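Please consider the sequence and the model shown below. The paragraphs that follow lead through selected parts of the structure, one after another.

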Amino acid sequence: HKPVRNLVARKPVRNLVARKRVRNLVSSSGKTPSVYVIDALGEGECKTEFHEIMFKELRKRSVSDPSKADLFFIDIDTMKMLLWPEYWNYARCTYDWVRGEDAESTIYTHTMEAFTKEHNLADHQRFVYFDNEQSTRTDLGSDNFTQFLNHPMHSKMEGQNVEFVALAGVKPDSEKYGTMNLIVPIQTKYLDDKRAVPGMKERKFLATFYGRSQSNPTVRGGVLNLNARVSNCSAEPCELDLVDTTKLQHDESEKYQESLLNSQFCFCPRGNNHFSLRIAEALRFGSIPVIIDDLMTDPYRVDMKKWAVVIPENQLESAGTLLQKIPHDKRERLASAGADMYHKCVSGMEGAVECMLEGLMMRR
């Protein structure tokens, strides 16, 4: 379909009518919601690679008639260029969330109002806001939650017919606004590894973690300070393979992959943000993710305790002992569920989009 160009609304829309919030999505097909993507204009200055690939996959599923769609995905650059050209020409992709400027939410609100009026959308049709910036807003320090807990987009758009999708949404936002997290699909370099994934009993390490302590001295540093061998361990494996990569001058990816293949669990502590690339990497190599992040939201609205271990941050010092006490049969069940999760939602963007759409259908 052709780009939608009749959305020009240069002046602020002041009397916005809040649309009734719909609690569950009834798709036109009864299975997967139909989507409509408002095509991109511009050169993609504001989009991450993840955003680009996701929208490419969404466009494959996009219907040509907006009246037939359940969900509307709106491109970042399109909104800036069509609805606020003065801001686009001045600021481009500059956001100042710390001082509370919410230009992006205003742009989204204008877009929704204009598009809703032009196409006479029904109440069951909803917009999806994908927070393209959350994966890169990491400059506030490892323990600063301000940019998440006071996210201006949520309060600005509360009462609108909007679904929030993010890479690093946190529980307060999930519980109040229904924010849904995604898992970043596995990187290509890990797909190229053709080695067979061993079973739990064949792995010599209890758990592994390769990462930079400086990304979060409290949580990541706590993991790296664990004893290399679990105290009073009653059954092998008892060893932890922990490597601080902060000062390493060479690529440790091969050793990291070897460690994942040889570890029953993989620590996935929060760093600067509330998501971890290690979740996908652990699932790829059959290692059970160990989530250490008190605010992380369940990806795709699927209970992560079905395929991962969740350890509260205040129990971090006992992490090795807690893992060692997990019965072998439960470890096998978690690993099996993790393999299913990997193949369905994490092994590529096609699956990630499918899981996202399924999650958007669930009742909040």
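A residue is called buried when its relative accessible area is under 20%, exposed when that area is over 50%, and partly exposed in between, as computed with a 1.4 Å probe on protein chains only. The model is predicted, so local features need a pLDDT of at least 70 and side-chain atom pairs count only at pLDDT 80 or more, while totals for chains, interfaces and linings use all residues. Residues are numbered from 1 along each chain as its sequence is written, and side-chain values use heavy atoms, with hydrogens and water left out.

In general, a disulfide is a covalent bond between the sulfur atoms of two cysteines; here the term is applied to a pair of cysteine sulfur atoms within 2.5 Å. The structure holds two disulfides. One of them joins Cys233 to Cys238, with an S to S distance of 1.9 Å. The link of Cys233 and Cys238 is left-handed, with -80 degrees about the S-S bond. Cys238 counts as buried because its relative accessibility is 1%.

Another disulfide is formed by Cys345 and Cys355, whose sulfur atoms are 1.9 Å apart. The link of Cys345 and Cys355 is left-handed, at -80 degrees about the S-S bond. Since Cys345 lies in helix α13 and Cys355 in helix α14 (residues 349-361), this pair ties together parts that are 10 residues apart in sequence. Cys345 and Cys355 are both buried. The helices named here (H or I, at least four residues) and the strands named below (E, at least two) are DSSP runs, numbered from the N terminus.

Cys268 is accordingly in no disulfide. Cys266 is buried, because its relative accessible area is 0%, and Cys268 is buried as well, with a relative accessible area of 2%.

Attention now turns to the strands. All five of the five residues of strand β4 (residues 162-166) are buried, so β4 is largely enclosed by the rest of the structure. Val162, Phe164 and Ala166 point one way from β4, whereas Glu163 and Val165 point the other way. Two strands are said to pair if DSSP finds at least two bridges between them. Strand β3 (residues 126-130) pairs with β4 in the parallel sense over four bridges, and the partner of Phe127 in β4 is Val162. Strand β5 (residues 180-181) runs parallel to β4 and is joined to β4 by two bridges; there, Val165 has Met180 as its bridge partner in β5.

A further strand, β6 (residues 205-211), contains Phe209. Phe209 counts as buried because its relative accessibility is 0%. Phe209 and Ser259 are 50 residues apart in sequence, yet 8.5 Å apart in space from C-alpha to C-alpha.

Arg270 sits in the loop between β8 (263-269) and α11 (277-284). Arg270 is buried, with a relative accessible area of 5%, and its side chain is joined to that of Glu313 by a polar contact of 2.9 Å. Gln324 lies in helix α12 (residues 319-324) and counts as buried at 11% relative accessibility. The side chain of Gln324 makes a polar contact of 3.4 Å with the side chain of Ser234. A polar atom of the Gln324 side chain also lies 3.2 Å from the backbone oxygen of Ala235.

Definitions and conventions:
Polar contact = N/O pair within 3.5 Å; in protein donor to acceptor, adjacent residues only side chain to side chain.
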